Amino acid sequence: MKQKPSMAFIAASWVAVFAGILGFIIGLWNASTMQLNEKGYYFTVLMYGLFSAVSVQKCVRDRIEGVPVTDIYYGLSWVSMLLTILLLTIGLWNATLAPSEKGFYAFAFLLSVFGAITVQKNTRDSQAAKATNAPASGDI
């Protein structure tokens, strides 16, 4: 029998992902010295990072559970995640932002990625708990 995650953990995960994304986007919106193409770059890195994080979590979980995952997809997922971190680091390193702003974007990114991973994990755990705790076809 698999246990469903607690509502508190599920809520905390959703708060983390939304706080990270919302903080990052509000920071971009309020960045008056940043050009629109820079804002687009950081937004794209954020979205790519969220997708990559969920993809890595899914691949790792699939392999643990014996679900076939090709080595190429598994590797691409990890490369994508590392690439988003590298792209954000290079972008912030070269940005003409105050160090506090650079730190804000870095931590908002990390919070949203962590939140996305835990939301994916909670979703998967909830589905697994539902499937294992469902009554058999003949049970009533």
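**Group meeting: a walk through a predicted helical model**

Hi everyone, let me start with the record: in an unreviewed entry, UniProt lists residues 7-29, 41-60, 72-92 and 104-120 under "transmembrane region". Those positions are in the numbering used here, feature names are shortened, and annotations may be inferred rather than shown by experiment.

A word on ground rules. This is a predicted model, with local features needing pLDDT of at least 70 and side-chain atom pairs counting only at pLDDT 80 or more, while totals for chains, interfaces and linings use all residues. Residues are numbered from 1 along each chain as its sequence is written, and side-chain values use heavy atoms, with hydrogens and water left out.

Now, how do the listed spans look in the model? Residues 41-60 are 100% helix and 0% strand, with the end C-alpha atoms 28 Å apart. Residues 104-120 are also 100% helix and 0% strand, and there the end C-alpha atoms lie 24 Å apart. When I say helix, I mean a DSSP run of H or I with at least four residues; strands are runs of E with at least two, and both are numbered from the N terminus.

The unreviewed entry also has "domain: YiaAB two helix", which UniProt lists at residues 9-62 and 73-125. In the model, residues 9-62 are 91% helix and 0% strand, with 22 Å between the end C-alpha atoms. For residues 73-125 the figures are 92% helix and 0% strand, and the end C-alpha atoms are again 22 Å apart.

On to packing. Two packed helices are described by the angle between their axes and the distance between the axes. Helix 2 (residues 36-64) and helix 3 (residues 71-94) have axes that come within 8 Å and cross at roughly 150°. That makes helix 2 roughly antiparallel to helix 3, a label for angles over 145 degrees, where under 35 is roughly parallel, 65 to 115 roughly perpendicular and the rest oblique.

Next, aromatics: how many pairs does a search of the whole structure find? The search finds 5 aromatic pairs. Rings of Phe, Tyr and Trp (its six-membered ring) pair if their centres lie within 6.5 Å; planes under 30 degrees apart are stacked, over 60 edge-to-face and the rest tilted.

W14 and F18 have ring centres 5.5 Å apart and planes at 25°, so they are stacked. Both sit in helix 1 (residues 7-30), 4 residues apart, about one turn of the helix. W14 is partly exposed at 39% relative accessibility, and F18 is exposed at 52%. The cut-offs are under 20% relative accessible area for buried, over 50% for exposed and partly exposed in between (1.4 Å probe, protein chains only).

F24 and Y105 are edge-to-face, because their planes stand at 75°, with centres 5.3 Å apart. F24 lies in helix 1 and Y105 in helix 4 (residues 99-133), so this pair ties together parts 81 residues apart in sequence. F24 is buried at 0% relative accessibility, and Y105 is buried at 3%. Finally, F24, Y41, Y42, F104 and Y105 form one aromatic cluster. Thanks, everyone!

Terms used: Axes fitted to C-alpha atoms, helices over the stretch in contact; angles between N-to-C directions.
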